[in-house]
Amino acid sequence: MRTTEPIVWLNGVFLPLSQACVPVEDRGFQFADGVYEVIACFGGAFLDLEPHLARLERSARALEIPLPLSRDKLALLCREVYARNPWPEAMIYIQLTRGAAPRAHAASPTNPTLLIMARALCLADGQRLAKGVAGITLADIRWRRCDIKSIALLANVLARREAERRGAYEAFWLDEHGHLLEGAATNAFAVIGGVLTTHPEGPQILGGITRNRVLRLAAELGIPVRERPWSPLEPALQEMFLTSTTNLVLPVVKLDGRLIGNGRPGPITRKLQEAMHAFIAELRSRARARAARGS
Ligand code: PDD
């Protein structure tokens, strides 16, 4: 286990985490005026680095925050931050804010704040992966641009706290028609009448990178897929799972106290979970081979 202090990259400088400081007038601190990404890295192999950086660029553009570095340079920096914090399983966190300025809503400072840091990635333990987790549903109280990966996560924080209070792992947002949109920090999938079903991309959900990876794996496995609004009350609901960078594919076996299917992870969930783990094992072995070649 690593015990040394993490090294972070902040506005062009590498430094120990405890020495990394942001001005109190940073707009991230005062207005949550910023965007972020969370990227998984397995033994030096990044999972879908490019799509994560593309989404960061899209989120920044949507908030009119200039990204101070090109995507290529960001990718290099992510690799360098990992190299200085080489946990076997790591999570790279990127945060971009509009920068520091005297407090005024519309201020546009010229120097955005960019942070890249790494932490150990704590994946779900075997028990949770095998047995699945419980979820609750809540009315969606978020803003109407959930496709932007904004650091303004207050509703999500409250939802996770409510889930914890009720002994559940995740809280899922319901729209006014009772459609399940996504989780507080995850996307949601169901198997309904044998069809893998998930809410379509749009302003009501974050277009998850893991969600897209799962859709690709499902296509490769020949699993029928439909992207449409769905309700957890549909009688043909058989299985449910959640996806995210930090959870990969995690079965949901109980929702609001009711069992989903027979209360055990279903066969399509299992297949996709295995396919995801196989995909990551392949990434790891390619990274090992590259390291052995010294490239
Ligand atoms: N959360 N939906 C929301 C609201 C999220 O915050 C996340 C990610 C996802 C899944 O996205 P992805 O597959 O790209 O990780 C969906 C991150 C991991 C977090 O806030 O920690």
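## Around Ile94

Leaving out residues up to four places away in sequence, Ile94 touches Val35, Tyr36, Glu37, Ile39, Leu53, Leu56, Cys78, Leu114, Leu115 and Ile116; touching, or contact, means heavy atoms within 4.5 Å. A word on what you are looking at: this is a predicted model, where local features need pLDDT of at least 70 and side-chain atom pairs count only at pLDDT 80 or more, while totals for chains, interfaces and linings use all residues. Residues are numbered from 1 along each chain as its sequence is written, and side-chain values use heavy atoms, with hydrogens and water left out.

Ile94 is one of the residues that touch the most other members of the largest nonpolar core, which has 26 residues; Ile39, Phe46, Cys78, Ile92 and Ile116 are the others. Such a core is a set of buried Ala, Val, Leu, Ile, Met, Phe, Trp, Tyr and Cys residues joined through side-chain atoms within 4.5 Å. Buried means under 20% relative accessible area, exposed over 50%, and partly exposed in between (1.4 Å probe, protein chains only).

E3, H2, H3, E5 and E6 each supply at least two residues of this core, and H3 gives the most, with six. These labels are DSSP runs numbered from the N terminus: helices (H or I) have at least four residues and strands (E) at least two. A second, separate core has 23 residues, including Phe189, Leu217, Leu248 and Met276.

## The antiparallel sheet

Six strands make an open sheet, ordered E2-E1-E6-E5-E3-E4, with antiparallel pairing; two strands pair if DSSP finds at least two bridges between them. At the edges, pairing on one side only, are E2 (13–16) and E4 (45–46). Helix H2 (residues 49–62) packs on the sheet and touches E3, E4 and E5 (89–97), its direction making about 175° with that of E3. The axes are lines fitted to C-alpha atoms, for helices over the stretch in contact, and angles run from 0 to 180 degrees between N-to-C directions.

E7 is largely enclosed by the rest of the structure, because five of its seven residues are buried. E7 pairs in the parallel sense with E14 (residues 248–255) over three bridges, and with E8 (residues 170–174), also in the parallel sense, over five bridges. Ala134 stands opposite Lys254 in E14, and Ile136 opposite Ala171 in E8.

In the loop between E7 (133–139) and helix H5 (154–165) lies Lys149. Beyond its neighbours within four places in sequence, its contacts include Gly34, Arg55 and Leu206.
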